[in-house]
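Reader: I'd like to walk through this structure with you and ask where the labels come from. Can we take them one at a time?

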Amino acid sequence: MARIKLDFPDNAFSFETRMPVRITDINGANHLGNDALISMLSEARAQFLVEHGIEEADQNGTGIIVTDLATMYQGESFYPDMLRFEVGLMDFNKYGGDFVFRVTKADTGQSVAMAKYGFVFFNYKTREVTPMPESFRARFAG
């Protein structure tokens with residue numbers, strides 16, 4: 001199987017947040033576990049949405065659902081490193097697009113990971129994929 005190669009332009013990122021590596025994020029190899037990193041990516045995505053006033057699901061039951069995840073690990077991280085998560089949106093289509101992430105150590109800039117979450121808009125009441133709301137498209141894909 002081919003290795004995943006992720007590379008995003010610097011201008012893809014429009015938001016940043018920082019999170020510490022907690023002792024509970026450390027795995028048996030004594031570094032940041034992949035499961036913990038994925039949880040941190042989800043938190044960074046949620047903070048991005050909150051920053052832009054977007055709810056995970058609106059009053060009509062339409063929200064964002066993750067369709068796929070690709071992660072390229074580039075370096076180890078340890079307790080109590082402070083990580084910088086840069087977040088952006090790209091590759092839009094009728095139903096969604098990609099959240100993209102660049103994770104580095106906040107103090108040194110050392111690369112930790114690159115990742116992307118594919119997403120679509122989903123109506124949780126009808127249980128169907130739905131086209132991207134025009135307000136979202138105008139704000140981010142415009």
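Reader: Why is Asp 10 called exposed?

Author: Asp 10 has a relative accessible area of 58%. Exposed means over 50%, buried means under 20%, and partly exposed is in between (1.4 Å probe, protein chains only). Since 58% is over 50%, Asp 10 is exposed. Keep in mind that this is a predicted model, where local features need pLDDT of at least 70 and side-chain atom pairs count only at pLDDT 80 or more, while totals for chains, interfaces and linings use all residues. Residues are numbered from 1 along each chain as its sequence is written, and side-chain values use heavy atoms, with hydrogens and water left out.

Reader: What makes Arg 102 and Asp 10 a salt bridge?

Author: Their closest N and O atoms are 2.8 Å apart. A salt bridge is a side-chain nitrogen of Lys or Arg within 4 Å of a carboxyl oxygen of Asp or Glu, so this pair passes. Arg 102 sits in strand β4 and Asp 10 in the segment before β1, so the bridge ties together parts 92 residues apart in sequence. Strands and helices here are DSSP runs numbered from the N terminus (strands: E, at least two residues; helices: H or I, at least four).

Reader: Is Arg 102 buried or exposed?

Author: Buried: its relative accessible area is 18%, which falls under the limit for that label.

Reader: How many salt bridges does the structure hold?

Author: Ten. One of them joins Asp 25 and Arg 22, with 2.8 Å between the closest N and O atoms. Asp 25 counts as buried at 4%, while Arg 22 counts as partly exposed at 48%.

Reader: Which parts of the chain does the bridge between Lys 116 and Asp 68 link?

Author: Lys 116 is in strand β5 and Asp 68 in strand β2 (residues 62-73), 48 residues apart. Their side chains meet at 2.9 Å, N to O. Lys 116 is at 18% relative accessibility, so the label is buried; Asp 68 is at 36%, so the label is partly exposed. Bridges that share partners also join Asp 10, Glu 16, Arg 18, Arg 84, Glu 86 and Arg 102 into one network.

Reader: On to the rings. Why are Phe 15 and Phe 48 called an edge-to-face pair?

Author: The centres are 5.8 Å apart and the planes make 85°. Rings of Phe, Tyr and Trp (its six-membered ring) pair if their centres lie within 6.5 Å; planes under 30 degrees apart count as stacked, over 60 as edge-to-face and the rest as tilted. Phe 15 lies in strand β1 and Phe 48 in helix α1, so parts 33 residues apart in sequence are tied together. Both count as buried, Phe 15 at 14% and Phe 48 at 0%.

Reader: What pair do Phe 48 and Phe 99 form?

Author: An edge-to-face one too, at 5.8 Å centre to centre and 90° between the planes. Phe 99 is in strand β4, 51 residues from Phe 48, and is buried at 0%. The structure holds eleven aromatic pairs, and one cluster takes in Phe 15, Phe 48, Phe 99, Phe 119, Phe 121, Phe 136 and Phe 140.

Reader: How do you know which residues make the largest nonpolar core?

Author: A nonpolar core is a set of buried Ala, Val, Leu, Ile, Met, Phe, Trp, Tyr and Cys residues joined through side-chain atoms within 4.5 Å. The largest has 30 residues, and Phe 85, Phe 99 and Phe 136 have the most contacts inside it. Helix α1 (34-51) is among the elements that give two or more residues, and α1 gives the most, with seven.

Reader: What does Phe 85 touch?

Author: Contact means heavy atoms within 4.5 Å. Leaving aside neighbours within four places in sequence, Phe 85 is in contact with residues including Phe 15, Leu 37, Met 40 and Val 103.

Reader: Why is Lys 105 called buried?

Author: Lys 105 is at 11% relative accessibility, so the buried label holds. Lys 105 lies in strand β4 and touches, among others, Glu 76, Asp 81 and Gln 110.
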